[in-house]
Amino acid sequence: MKKVLTIAGSDCSGGAGIQADIKTISAHGMYAMSVITALTSQNTTGVSGIFNVTPEFVSMQLESIFTDIYPDSIKTGMMSEPAIIEAVSESLKKHNAANIVVDPVMVSTSGSRLLSEDAVNTLTEKLFPLARIITPNIPEAEVLSGIKISSTDDMKKAALIISEKTPAAILVKGGHRVSDATDILTENGISYVFSSERIDNPNTHGTGCTLSSAIACNLAEGLSVEESISKAKDYLTGALKTQLNLGKGSGPLNHMYFLKSY
């Protein structure tokens with residue numbers, strides 16, 4: 001069985017973060033492990049509180065995992081403090097981690113800021129060089145590239161700018177700002193367009209976490225970056241198609257949509 005590690009924050013409502021990652025990894029038939037970087041008090045309407053885990057304890061969690069059940073791929077999500085990002089980066093380097101998917105979580109679906117300003121530089125300098133692929137959404141890509149994004153051409157420009165800072169592939173996710181179903185990948189200076197069926201579903205809580213975790217699962221199987229993205233988008237489309245409607249805000253996905261209900 002392939003083993004996938006998620007390094008992210010906990011979402012007590014179960015729609016995003018560690019909980020969404022574990023559901024996604026399990027749905028792919030893989031063994032899920034987690035390193036929790038923060039506890040969040042949140043639901044479908046917003047984030048009301050964040051309690052960060054100490055960098056030292058983050059490192060302890062990583063050491064426990066890497067010295068026992070070595071992961072085939074890794075997904076990183078919310079890390080709101082520079083010291084936590086540094087702790088994660090050092091551990092990943094120490095243990096020669098591979099197939100790292102970095103989801104640079106800065107803003108939640110509900111619009112709540114999840115990454116401090118001073119942490120952005122640390123993320124770019126310490127973690128980006130270790131990644132195989134980085135998956136910013138439109139607001140995150142604007143921060144990382146320094147340009148305004150209002151079209152797919154802008155997405156391509158932003159991906160190219162971000163790619164100058166790291167050898168990793170860059171996947172700029174269209175989202176509601178440009179197109180729900182179109183993402184732009186830049187790898188080795190070449191841009192690729194990924195378009196899929198547009199699903200009319202307002203419940204998108206945790207879509208970014210889910211997509212990046214699915215990509216990590218596919219990389220663990222030995223697929224290329226392009227293949228991993230394509231399959232991950234198919235999985236996300238299926239999770240959206242079931243039109244799960246929970247909560248008063250932007251609700252979660254049905255990660256186990258293919259399982260029979262009893």
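Contact here means heavy atoms within 4.5 Å. The model is predicted.

**Exercise 1. Describe the surroundings of Thr135.**

Step 1. Thr135 sits in the loop between strand 6 (133-134) and helix 5 (138-145).

Step 2. The relative accessible area of Thr135 is 1%. Buried means under 20%, so Thr135 is buried.

Step 3. List its contacts, leaving out residues up to four places away in sequence. Thr135 touches Val101, Val102, Asp103, Pro104, Glu140, Leu171, Lys173, Ser212 and Ile215.

Step 4. Look for a polar contact. The side chains of Thr135 and Asp103 make one, at 3.4 Å.

**Exercise 2. Decide whether Asp21 is buried or exposed, and find its partners.**

Step 1. Locate it. Asp21 belongs to helix 1 (residues 17-27).

Step 2. Read the accessibility. Asp21 has 0% relative accessibility and therefore counts as buried.

Step 3. Collect the contacts, again without residues up to four places away in sequence. Asp21 touches Thr6, Ala8, Lys75, Cys209 and Ser213.

Step 4. Pick out the polar contact with Thr6. It joins the side chain of Asp21 to the side chain of Thr6, at 2.6 Å.

Step 5. Compare sequence with space. Asp21 and Gly77 are 56 residues apart in sequence. Their C-alpha atoms are 9.4 Å apart.

**Exercise 3. Classify the packing of helix 3 and helix 4.**

Step 1. Two packed helices are described by the angle between their axes and the distance between the axes.

Step 2. Take the values. Helix 3 (residues 82-94) and helix 4 (residues 117-127) pack at about 10°, with axes 9 Å apart.

Step 3. Apply the cut-off. Angles under 35 degrees count as roughly parallel, so helix 3 is roughly parallel to helix 4.

Step 4. Name the residues that meet. Helix 3 contributes Pro82, Ile85, Glu86, Val88, Ser89 and Leu92. Helix 4 contributes Asp118, Ala119, Thr122, Leu123, Lys126 and Leu127.

Step 5. Sort them by class. The contact has seven nonpolar, two polar and three charged residues.

**Exercise 4. How many disulfides does the whole structure have?**

Step 1. A disulfide needs two cysteine sulfur atoms within 2.5 Å.

Step 2. Search the whole structure. The count is zero.

Step 3. Check Cys12. Cys12 is exposed, at 55% relative accessibility.

Step 4. Check Cys209. Cys209 is buried, with a relative accessible area of 13%.

Notes:
Residues numbered from 1 in each chain as written. Predicted model: local features only at pLDDT ≥ 70, side-chain atom pairs only at ≥ 80, totals over all residues. Heavy atoms only, no water. Axes fitted to C-alpha atoms, helices over the stretch in contact; angles between N-to-C directions. Helix = DSSP H or I, 4+ residues; strand = E, 2+ residues; numbered from the N terminus. Parallel < 35°, antiparallel > 145°, perpendicular 65-115°, else oblique. Nonpolar A, V, L, I, M, F, W, Y, C, P; charged D, E, K, R; others polar. Buried < 20%, exposed > 50% of the residue type's maximum accessible area, 1.4 Å probe, protein only. Polar contact = N/O pair within 3.5 Å; in protein donor to acceptor, adjacent residues only side chain to side chain.
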